[in-house]
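Hello,

I am handing over the structure below. Please look through it first; my notes on what was found follow.

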Amino acid sequence: MRISLDYDDLSPLSHRFDLCEKLRERYPDFRVTFFTIPWDIRFSPATNGTPITDEKYKDWCTYVKKAVDDGWMEIGIHGLTHAPREFEHLSYDETKKRVLVAQKMFANVGIPITNLFKAPYWLLSKDGKKAIEDLGLKVVEDGYYNWNLKHGFNSAWKDSNKILISHGHIADGMGCDNGMDESFLRLCEVPQDAKWVFLSEVL
């Protein structure tokens, strides 16, 4: 079987690299796509958020860059700041500016990114979607996955020629029930001979 795994909300203050390493030990072919926030404001808005370009996050950036270079992690853009309704009502030009800033921030810390974009909460204006596509990015919209990690693994996939596209979030307790810790044991039900592929390879 083939499986694609992605998680939303990766940032310096929201990651579980310890669980990634455990999955890599279990699955030598492990791959994961992280939709990543380059300037996360959710955890520290009073201090201008969490920009990945801040020197204190150098170790985090080094880890991510090495993981991408080693071929087991890919990074997609998950908005710029993850502000509530960040892209829901933006114009074409406003959206383009935000995405260009996000791309520049990743470039400034040397993190390669894939061509995938997912708006926080799936909220994206029609003009915004056009702007993102004109930048050469693929907009990932709700409904692309066939395994929400809040549910258990279906053994029928073991003999299927289809690709199991699984989706979750980094953090637990967000009401989605598919956080990395919450879904870890469910992921461990995947056969050890499964072929892991990036989301960019299947969309």
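Rings of Phe, Tyr and Trp (for Trp, the six-membered ring) are taken as a pair if their centres lie within 6.5 Å; planes under 30 degrees apart count as stacked, over 60 as edge-to-face and the rest as tilted. By that rule, a search of the whole structure gives 10 aromatic pairs. In one of them, the ring centres of Phe30 and Trp72 are 6.1 Å apart and the planes are at 40 degrees, so this pair is tilted. Phe30 sits in the loop between α1 (17-26) and β2 (32-36), and Trp72 in the loop between α2 (58-70) and β5 (73-77), so the pair ties together parts 42 residues apart in sequence. Helices (H or I, at least four residues) and strands (E, at least two) are DSSP runs, numbered from the N terminus.

Both Phe30 and Trp72 are buried, meaning under 20% relative accessible area with a 1.4 Å probe, protein chains only. Phe30 and Trp72 also belong to one aromatic cluster with Phe17, Tyr27, Tyr63 and Trp196.

On the source: this is a predicted model, where local features need pLDDT of at least 70 and side-chain atom pairs count only at pLDDT 80 or more, while totals for chains, interfaces and linings use all residues. Residues are numbered from 1 along each chain as its sequence is written, and side-chain values use heavy atoms, with hydrogens and water left out.

As for the whole chain, the protein has 5 helices and 10 strands. Of its 203 residues, 49% count as buried. The C-alpha atoms fill a box of roughly 45 × 35 × 30 Å along the principal axes.

Regards

Notes
Buried means under 20% relative accessible area, exposed over 50%, partly exposed in between (1.4 Å probe, protein chains only).
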